[in-house]
Amino acid sequence: MTSPIFKYAPALALGALGLALTGCSKAPAAAPAAAPKPVPAISVKTAAAQQGPMPRYLRLTGEITAAQNAAVAADTTGKVIETPVERGTVVKAGAVLVQLDSRTAQLNLAEAEANLVQAKSKLDLAESEVKRNAPLAQMKAVAETDFARIKADRDGAAASLSAAEARRDMAKKTLADATIRAPFDGTVAERFVTAGEYVMANSKVAQVIDLQHLRLLVNVSEPSIGLIRVGQTVEFSVSPFPGEVFTATVKFIGAAVRAELRDLQVEAEVVNTDGRLRPGLFAEARLALPPQTAITVPANAVRADGANQKVWVVESGQLTERLVEVGETDKDRIEIRRGVKQGENVILSPGPDAADGVPVQTTPQS
């Protein structure tokens, strides 16, 4: 006999299936995905990459030095009684830097001049004796030995006069050396003595530097030596005056390559009329070479992003970001060594809305 449960099982299964289907039919349908909003076009000005001459430079580093830089020393001994200059004093050649006590030198000069007068008198007397005895010697009225002694006295007096003149000149020099003077026009960089000190010969008393005429000393590597000529103009910049370009003229070229560094030292003359440049400054210099053909774009088309340089090129009405390698700059144009081809249009002064794929409305640069 069949169990009642098995008898009604098919009907129960069909009923459960119907309930399940009914429940599924009541579930809400998924909403359709929203379409992306179109990116609005931006208005930009463009310029075409052009091919043209671009200057070339030999990049150099160097140092500003003084054409004349003297550690002025005393040439005599003495006590310092006056120091009329200070650090930074502008002096002319011959200006007094240090005055030593000259009283002893003045007394020595007076003594030397007196001795000179005495020596001249003795020579005059000896000369007159020779003239007076010369006729007598010819007539044999004076013995030859006596006349020889008279002439010897005359020659000795002449030698004494020469010695007296030398001592007089030495006394004059000693007196002059008591006043230590500037050897050339310049600026006092340092004063090493003060009033009351006692200096010896060869003691440094002041440092004088000519700031009007400086030199730019650069080291040229061996492969570039053939590019250097006397008379060439060198442009350079220094950190105290950013963005400012100074000029120098090549005057001296080293005679030999330094074996340890394989370079040649070159000096260029700098006329420092306003006195702003100072010896010891580090300089970044460049020497103009013949120009070469290159691809260029306006300088304001390139935007620096950290260490990277970027431009945006218009392609099929959209922007394409390009990383570029830049080279020299000439006025308002910059060389593009890699990243842009001739004839491609780049946007000018790219703003923060410049990005890959952004549509643009272009206006060519006038």
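Two strands are taken to pair if DSSP finds at least two bridges between them, strands themselves being DSSP runs (E, at least two residues) numbered from the N terminus. The structure is a predicted model, in which local features need pLDDT of at least 70 and side-chain atom pairs count only at pLDDT 80 or more, while totals for chains, interfaces and linings use all residues. Residues are numbered from 1 along each chain as its sequence is written, and side-chain values use heavy atoms, with hydrogens and water left out.

By this criterion, Val-90 stands opposite Thr-187 in β8. Strands β5 and β8 (residues 186-191) pair in the antiparallel sense over two bridges. Both belong to an open sheet of four strands, ordered β3-β10-β8-β5, with antiparallel pairing. Because β3 and β5 (90-91) stand at the edges, each with a single partner strand, one side of each is left without a neighbour in the sheet. The partner of β3 is β10 (residues 204-209), to which it is joined in the antiparallel sense over five bridges; Gln-207 of β10 is the bridge partner of Ala-71.

In a regular strand the side chains alternate between the two faces of the sheet.

Nonpolar cores were defined as sets of buried Ala, Val, Leu, Ile, Met, Phe, Trp, Tyr and Cys residues joined through side-chain atoms within 4.5 Å. The largest such core has 25 residues, of which Leu-216, Phe-236 and Leu-277 touch the most other members. Two or more residues each come from β2 (50-66), β11 (213-221), β12 (233-238), β13 (246-253), β14 (263-271) and β15 (282-298). Apart from this core lies another, of 19 residues, including Val-91 and Val-98.

The whole structure was also searched for cavities, each a set of points on a 1 Å grid over the protein atoms alone where a 1.4 Å probe fits but cannot get out. One cavity of 30 Å³ or more was found. The largest cavity has a volume of about 50 Å³, a volume being the space filled by probe spheres set on the points, which are joined across faces, edges and corners. Its lining residues (an atom within 4 Å of a point) include Leu-60, Leu-216, Ile-228 and Leu-287. Strand β11 gives the most to this lining, with three residues.

Note on methods: Buried means under 20% relative accessible area, exposed over 50%, partly exposed in between (1.4 Å probe, protein chains only). On a 1 Å grid over the protein atoms alone, a cavity is a set of points where a 1.4 Å probe fits but cannot get out, and a pocket is an open set with protein on both sides within 12 Å along at least five of seven lines; lining residues have an atom within 4 Å of a point.
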